[in-house]
Structure formats: C-alpha cells, structure tokens
Amino acid sequence: MTTAIAFRKVSRHYGQVRAVDSVDLDVAEGEFFAMLGPSGSGKTTCLRLIAGFERPTAGEIEIFGRPSSKVPPYRRPVNTVFQDYALFPHLNVRDNVAYGLMIAGVGKAERHRAAEEALAMVALPGYADRKPSELSGGQRQRVALARALVNKPKVLLLDEPLGALDLKLREQMQVELKSLQRQLGITFVFVTHDQGEALSMADRVAVFNEGRIQQVGRPQDIYDRPQTPFVADFVGSSNVLSPEIVARLTGRHAHASLRPEAVRQQPGGRDAQVVELAFLGSVTRMTLTMDGQSLTALVPKGQPVPDKGSTIQIGWDEDALHLMEARDG
C-alpha cells in the first residue's frame, strides 16, 4: 500500500515549547485518518506541517515519498479546509469555489465548470450565485469543501471543520464526509478534539498528547484496547483503575481500563456505593465508589436504577478489564 504522508522523527519547537516531539507516523493513500487530542496536544501543528504552513525544527515529512519540508505550500498536492471556512464574503459561491483555479490561471469557463461540478459533489447544485451570507453554517462548510476539492488534491487536510456546527448538523456532516471520502478515494487527514467524530469517521486514529502520539490504531482497537491511561480516559471516558486496585483484582500491578458500559449490577459481586445519578435519556449514568476507587457505570433505560447513597454489588466480564502500561508517553 502506498504511503501518502510519512513523519520521520518530526519535531516542531517554539522556544522551549515542544509542540510536536519526535513524531513517527505513516498515513496510507486513500485512508481516512484522524488526529485526535486535546487543545495543545500537537495535532493541529502536525496538520500545518503537512500543509507547509510550518516547517519542522527536526526530522522530515514525506508526501508520496517526496521529502517536503522545504517545499512551499502551493507546490504540495494537498488542500486544507479550516474550521472558520475562510470564504470571501464579496464573492458568490461559484467564484469562492473557483478562486484557487483563477489564481492558477485557469480560464473562466473551465474554472466555472469545475466549480459547478465540485458544488454538485457536495450536494449544493443551484447555489452558485448565492453569497456566503445567504448560506447556513452547514452550507458554508460544504462550499469550503468544494473549494478544497476543485483543485483535485491528493490529500485533503481538515482542521476541525465541523466545530462550528450544532450537534445534529455535525452528526449529519460526519456521515456525508465519510461518504464523500469513499466516493473520491483520496486521503483525508482530519484533526479533531472530539473522540466521537474520530471513532465514527476514521479508518485509523492517532491519539496525541503533549506533542507525542500515544497510540495509533483502528477506532475499535483504540476504544477496546487503549495502551495508556491517557488514551483510556480521553477516548470514551473509561474507568482507569489504579495499579493497587488491579493488583487486588488480578494479582498484576498495572493500570487497567474498564469501560462504563461493561460494569453491571451483579448479586454476589463487589460492593460499591452509589454516589451520584444522572439521567441521560437512553441510559442513567451512575458514579460509584469501590474500595476507594471512583467508577462510572451505565444503566440502560428500562433496567432498575438503585437509589443514590445505596450499596450495590457490581461485576463485569473478565475480558472487559484491559491491562495497560503504567505510564503515559
């Protein structure tokens, strides 16, 4: 399989701050790849390094096998979609989409035809003559996508493009983006701090923290088999059990991940106190304490919910307790 993007010991420092710290990474051609992490974790800096807006302090970035650290942005086979869309308010949708082609010297008729095709691709036929101010947030996002795709890049970089949308529209656009990526077959590199977006859309996910990659893998593996306590807690808000608790449960001294949905009420199980209850619609979230360890458990709608302050017995399947490295980094 062809490698589209390769990081080879890449670092980016700002004075004493290591925004990206010796990152190694391979993104395959045609892959929907997500960079996931909290603010300041290095994911957006990595995206800017791919785009050419930043240069590495150390290491090398290869784009389709070509060393690219010294290649200017306009000569890279990539385009970027930003969170704020960056549309020109005085231009109509057609000219916004065709702007990059105009700069490249493409004739008016040809670039307008390409813009119309790109708008049809993102389900906006008939919107070419409107101004950005006449569009909804979701429509502006589609225009930004069309503008990035009209140049036929080999890699599309998406910098939290759904962050400004409301929840329902964001979920709709997640489905549409994934469908579009499959249709086009080009490489998508998607930056987000939303673990739900990353898990639902990506073929693979890289989880960043403090400038380093904590784990790379399929969404199912990231969720079910986190390698560090940070990944377990950040992706899906797992219960991270202390080595002392795990040693009492298994005889092994290591952190462990226990997903809230795996914890159930079980007569004859371990005693736990119900500290707090929160109704979330399809489930009720319980905050528990067990042997001094705080735990979260989910009770599906229709099942009995214990009273706050009561003592219950809990259990889980043996394979639900996933042992991890005792440290992050």
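How many positive and how many negative side chains does the protein chain have, and how far apart do the centres of the two sets lie? Good morning, everyone. The structure shown here is a predicted model. Its protein chain carries 39 positive and 38 negative side chains, and 6 Å separates the centres of the two sets.

Let me begin with the chain as a whole. Its secondary structure consists of nine helices and 17 strands. Taken along the principal axes, the C-alpha atoms fill a box of roughly 75 × 45 × 35 Å. The chain has 329 residues, of which 47% count as buried. Among contacts with a separation of 6 or more, 63% join residues 24 or more positions apart.

I now turn to one helix, α3, which runs from residue 108 to residue 121. From its first C-alpha to its last, this helix of 14 residues reaches 20 Å, close to the 20 Å expected at 1.5 Å a residue.

Which residues of α3 are buried? They are R111, H112, A114, A115, A118 and L119. These residues lie on the same side of α3, because they cover an arc of only 160° around the axis.

Against what do the buried residues of α3 pack? Their partners are α2, residues 93–103, and α4, residues 137–149. Finally, α3 is followed by A123, which has a positive phi, near 65°.

Thank you for your attention.

Conventions. Residues are numbered from 1 along each chain as its sequence is written. This is a predicted model: local features need pLDDT of at least 70, side-chain atom pairs count only at pLDDT 80 or more; totals for chains, interfaces and linings use all residues. Side-chain values use heavy atoms; hydrogens and water are left out. Helices (H or I, at least four residues) and strands (E, at least two) are DSSP runs, numbered from the N terminus. The expected span of a helix is 1.5 Å times one less than its number of residues. Buried means under 20% relative accessible area, exposed over 50%, partly exposed in between (1.4 Å probe, protein chains only). The arc is that of the directions from the helix axis to the C-beta atoms. Contact means heavy atoms within 4.5 Å. Lys and Arg count as positive and Asp and Glu as negative; His and the chain ends are not counted. The place of a charge is taken as NZ of Lys, CZ of Arg, CG of Asp or CD of Glu.
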